[in-house]
Amino acid sequence: MWKLLADAQKIKREYLFLVLVVSLSATLIGLKKALPQIPDSNSMDLYAVMMTSDPNKPVFIQSDWTNSTRGESRGHFQGLVRSLMATNRKFVFYSVADPQAPQVARDAIRTINQERKKQGLREYKPWDDYLDLGLFPNAENSLNAFSNSIKSAWGGRRAKDSTGRERPVFDSPVLQGVTKIEDCGAYYVVSASNSIDIAIERLGTKVTMGGLVTGVMGPGMLPYYRSGQLKGLTIGLVGVYDLEYMMEHGINTADEAGNIVVKNRTKPEQVIPPVPEGTTFGQGATNNLALHIALTLMILAIALGNVGMIAKKKLEGGTK
Amino acid sequence: MNQENLTYINVMLGSLAIIGLYSVLWRENLVYRTVEHIFLGLAAGYAVVGLWKDTLYIQWWLPMTGKLTDDGKFDSPGFWPYMLLFPIGLMAYTVFNKEKSWMSRIPIGIILGLWSGQQIQIYWNKFGPMIEASMVPLIPTATDSFFAVPTTQLVNGRIEQKANAVQILANLYPTEAINNLIFLVTLLSALAYFLFSVDIKGKALMGFNKLGRWMLMIGFGAIFGSTVMARFALVIDRLAYIWQDWLKLGV
C-alpha cells in the first residue's frame, strides 16, 4: 500500500498534462452543464453600476488586455460591451497599456456585432454609437492628461464618421456634452496589469470606476474595492461567469416562476433587472465547468503528491 | 478567396500555433522554437507600427506639421517647437555608446521628473481612502440582534424601507464588530512584520509579529491560487479555440 502511494510521485508530468488536456477537451466538446452560481458581492456591485449609470452619458472603457489574458479579459470585455449595447449606452474605448490592446477590443466588438446581426438586433456603429480612440502610450502621463483635460488629450484624435470622412472625435454624437472626464456615465478598466492602479490614482476621485481584472490582479484590487475607490469589481473567469449570470437573471429580480435566482442579501432593496436583449451567457458559461474540473484535478494531484511524499518517507523510515 | 475561407485559414494557423507552443510541455523542440520566434517577431513589429500610427503620428507628427481639411484647405497650423522633442528622444539611444551615454540621462531625467511630480498628489489619491477605510469601529452599539439586520423589508411583494432604517444604519452589530476586529488585527500584525527599525522583544510582540507573517503567507497563498486559476483560464480558452472555433466541435 505504502509502496503504491510512494510510486505516485513517479508519475511523469507529461501524463498529468495529458489527463488535464483530455479532461478539459471532453468538457468543452461534450459536457454542456451551466452551473448554478452565487455571484460575489463585488461582482454584484459592478453589475449594479453598469445597469444604473446615466444612460444619456457615454461610458469610458480603458481596455488594457491583450491575447495573453484573453481567457479572462475577453469574457469581461464582451460581457461589459454586450450589457452596454443591450441597454443602448454609448461608449468610448482606448488603451493606455499595450499597442495590441485596441485591436483585440475591436475584434471582440466585431464579434458581438455579428452576433447581434444574427439575432436581428441593431448593430452598434462606430462614430454614432461608439468611438475607438486607439492607444495612448505611457499610462501615467496619458491618464494624468485625461484628468487635467480630455479636450486637450483627445483633441488630436480623429475618427471616420458615417460618411467615411475623418473628423475630430469631439464632433461625434458619442461625445456630445462631454468636456471633462467627470462627464462620463461610468469608467471601466478591463486590465491585466497595473494600469488599473494608475487609473485609480489619477482618475479615481473624479469618476465612478469599476474594475474587470484577471485572477492574478484580483487580490491586489480588493483593498480598492473595500475602500470605495472601485465601485464594483469582477475577478478572473469566475467573475466573467458572475457577470453573465447576472445579465441573465438580474439581482433581486424574480423570474417568470417568481423565483429570485440572484439574491443580494446585504442590499435587499437593490433590484437590478437582467439585460433586456442579446446574448447573456458566453465565455464564462462555456469555460466555467472546465475551470472547476481543472482545479479539481490540480487539488487531486497536489494531494496525491503529498501523500506519496509521506509514504516514501515512511518507507525510508524518516517519518514515524 | 472569400471571407469565410480566409477566416478558416486564419483560425487554422492560430490553432496550429497554439499546438506548437504547447508542445513545449512534452519537451523543448524545433516547432515550439519556430512558433515562439514568429510570435515575438509579430508582437515587436506590431508594437512599432502601433506606436507610430496611434501615437507618434497623431500626437507628434500631425501637430508639428499642421493639418489640412479633406478638400485641401488650411485647418490648423503646425507647431514647430515639437521638432525639439525628436533629438531629445534620440538621446535615449546614446546609452549604447560609452562616450555619449551621459546624454541618455536627459530624457530619462525628464520622465523621472514628471513621474516624481505626479507622485506627490497620487500618493494620497491611492492610499488616503484606504487609510480612511481602515478606521473601523470595534465596539458593538446594537444589542437587539447579534447579526446585522437589513434596512428594508418585503411588504406584499414590494421592497420597502424600514421606518427606523436610519437608526439601524447607525448601529454596529456584533457580527460586524467581529469582522472589523479580524480586519484590524490582520492589518496591524502585517504592518508589524515590517518593523525592522526596532528590536522586537517579548513573547507577545514576537507572537504578534509571527501572526503578521502568517497573515501575509495566507495572502500570498490566495494570490498564488488566483494566479493558477488565471493560467487555467488561459489554457481552457486555447482549447476552446481549437475544439470550438477550428474543429467546430462542442458548438
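Residues are classed here as nonpolar (Ala, Val, Leu, Ile, Met, Phe, Trp, Tyr, Cys and Pro), charged (Asp, Glu, Lys and Arg) or polar (the others, Gly among them). The model is predicted: local features need pLDDT of at least 70, side-chain atom pairs count only at pLDDT 80 or more, and totals for chains, interfaces and linings use all residues. Residues are numbered from 1 along each chain as its sequence is written, chains are lettered from A and ligands numbered from 1 in the order in which they are written, and side-chain values use heavy atoms, with hydrogens and water left out.

A cavity is a set of points, on a 1 Å grid over the protein atoms alone, where a 1.4 Å probe fits but cannot get out; lining residues have an atom within 4 Å of a point. Grid points are joined across faces, edges and corners, and a volume is the space filled by probe spheres set on the points. The largest cavity has a volume of about 40 Å³. Its lining consists of A:R82, A:M85, A:I112, A:E115, A:R116, A:Q119, A:E277, A:G278 and A:T279. Two or more of these residues come from each of α4 (70-86) and α5 (101-118) of chain A. Helices are DSSP runs (H or I, at least four residues), as are strands (E, at least two), numbered from the N terminus. α5(A) gives the largest share, 3 residues. By class, the lining has 2 nonpolar, 3 polar and 4 charged residues.

A pocket is an open set of points with protein on both sides within 12 Å along at least five of seven lines. The second largest pocket has a volume of about 1600 Å³. It is lined by 40 residues, of which B:T55, B:L56, B:Q59, B:W60 and B:L85 are the closest to its centre. α2(B) gives the most to this lining, with 10 residues. The lining comprises 26 nonpolar, 11 polar and 3 charged residues.

Between the chains, 58 residues of chain A are in contact (heavy atoms within 4.5 Å) with 51 residues of chain B. About 4800 Å² is buried between them, 63% of it on carbon and sulfur atoms. Buried area is the accessible area (1.4 Å probe) that two parts lose on being put together, summed over both. The interface holds 3 salt bridges, each a side-chain nitrogen of Lys or Arg within 4 Å of a carboxyl oxygen of Asp or Glu. B:D237 forms a salt bridge with A:R70, with the closest N and O atoms 3.0 Å apart.
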